[in-house]
Amino acid sequence: MQPVIEIERLSMEYVTGFWRNKRVRSLEDVSLEVYPGEVFGFLGHNGAGKTTTLKILMRIVYPTGGRARILGCSLDDIAMRRRIGYLPETPYFYDYLTGYELLDYFGRLCGLDATQRAQRIRDMLALVGMQHAAHRPLRKYSKGMLQRIGIAQAILHDPEVVFLDEPMTGLDPIGRREVRDIIAGLRDRGKTVFFSTHILSDVEALCDRVAILKQGRRVAYGTLAELQAGRSATLELVATETTPETIQALEKHAARVRKTAAGVHCELKSAEDVGEAIAELRRHGGRLVSVTPVRSALEEFFVRDGSAGEIA
Ligand SMILES: Nc1ncnc2c1ncn2[C@@H]1O[C@H](COP(=O)(O)OP(=O)(O)OP(=O)(O)O)[C@@H](O)[C@H]1O
Ligand SMILES: [Mg+2]
């Protein structure tokens, strides 16, 4: 299958400093491919190089090495640009325009006629839940409202591929959920979505495949299942009414045991350990209060092994 996004050994060095004599390496030999209909998660801590990669794909900055193609076309291809949408990390819109006017402006840029624009703008405002504020100037919008209008702008012209740089930033829990639903809706309509984030739960909820960047290098690449293979979630068991013997027995199975006012908290590494810990409670006394996952398998990977080298 022909990839929708092809990135091949992309490297980027920014030239900085007053005398333009310093170089900051922000990407090193990054390669990846995204296929039609995928929701691809581009993960990395602050400063990992996510925005830089997206800016290169959008032709906002030029790479110092490597190449990339979108929809089989060169990044300079203007016709290809009509088929893609982009939400920048910190959208800077003309803030004297209203939300409606901004979308109308972008609709014109994309070549939509007046009837198409009216229809699409209405649909997009409804999709991102912004009908109520459509006629307010953007300078009166909150961060979350701007983010929603930014997303509407990115998908206004019904693009085949959508690039979103941290789309959930600035949104409250309900807003995050809605953006997740929008992304899932795009996938259901056969679109390809490439989004950057440092929030693992968003990736786990949405993505087919991911790449993890660390200090400009790709440290992991593959399906979520591949990345999580051999790693399990960390679970926390809480018990009360424990005896000193119970705690001693629990310590055999737990990575960590600590006491709080709520009870004894045990950090357990697998479902088997949970079974053993519950058996110890029965044997030595104690009441089980809860068992909850505290870190997912992907988080385990991201936190501990994210720098352990290429896994795919
Ligand atoms: N215009 C620039 N000039 C100099 N260095 C830059 C510039 N833009 C980015 N960098 C550097 O490149 C590296 C990668 O930055 P980038 O913004 O791509 O990271 P990111 O993964 O998007 O991070 P975040 O999660 O904070 O948005 C950082 O070390 C950053 O300081
Ligand atoms: Mg960024």
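**Notebook: helix H6 and strand S3**

I looked up what covers the buried residues of H6, and the list includes S3, helix H4 (114-127), helix H5 (143-155), strand S7 (161-165), S8 and helix H7 (200-206). Contact means C-beta atoms, placed from the backbone, within 7 Å; helices (H or I, at least four residues) and strands (E, at least two) are DSSP runs, numbered from the N terminus.

This is a predicted model, where local features need pLDDT of at least 70, side-chain atom pairs count only at pLDDT 80 or more, and totals for chains, interfaces and linings use all residues. Residues are numbered from 1 along each chain as its sequence is written, with chains lettered from A and ligands numbered from 1 in the order written.

Next I checked H6 (residues 173-188) itself: Val-179, Ile-182, Ile-183 and Leu-186 are buried (20 or more other C-beta atoms within 10 Å of the residue's own; exposed is 12 or fewer, partly exposed in between; C-beta atoms placed from the backbone). Down the axis of H6 these fall within an arc of 95 degrees, so they line one face; the arc uses directions from the helix axis to the C-beta atoms. On the other side, I found Pro-173, Ile-174, Asp-181, Gly-185 and Asp-188 exposed. Just after H6, Gly-190 has a positive phi of about 85 degrees.

Then S3 (residues 39-44): six of its six residues are buried, so the rest of the structure largely encloses this strand. I saw Val-39, Gly-41 and Leu-43 point one way, and Phe-40, Phe-42 and Gly-44 the other.

S3 pairs parallel with S8 (residues 192-197) over five bridges; pairing takes at least two DSSP bridges. Val-39 partners Val-193 there.

Conventions
Contact = placed C-beta atoms within 7 Å.
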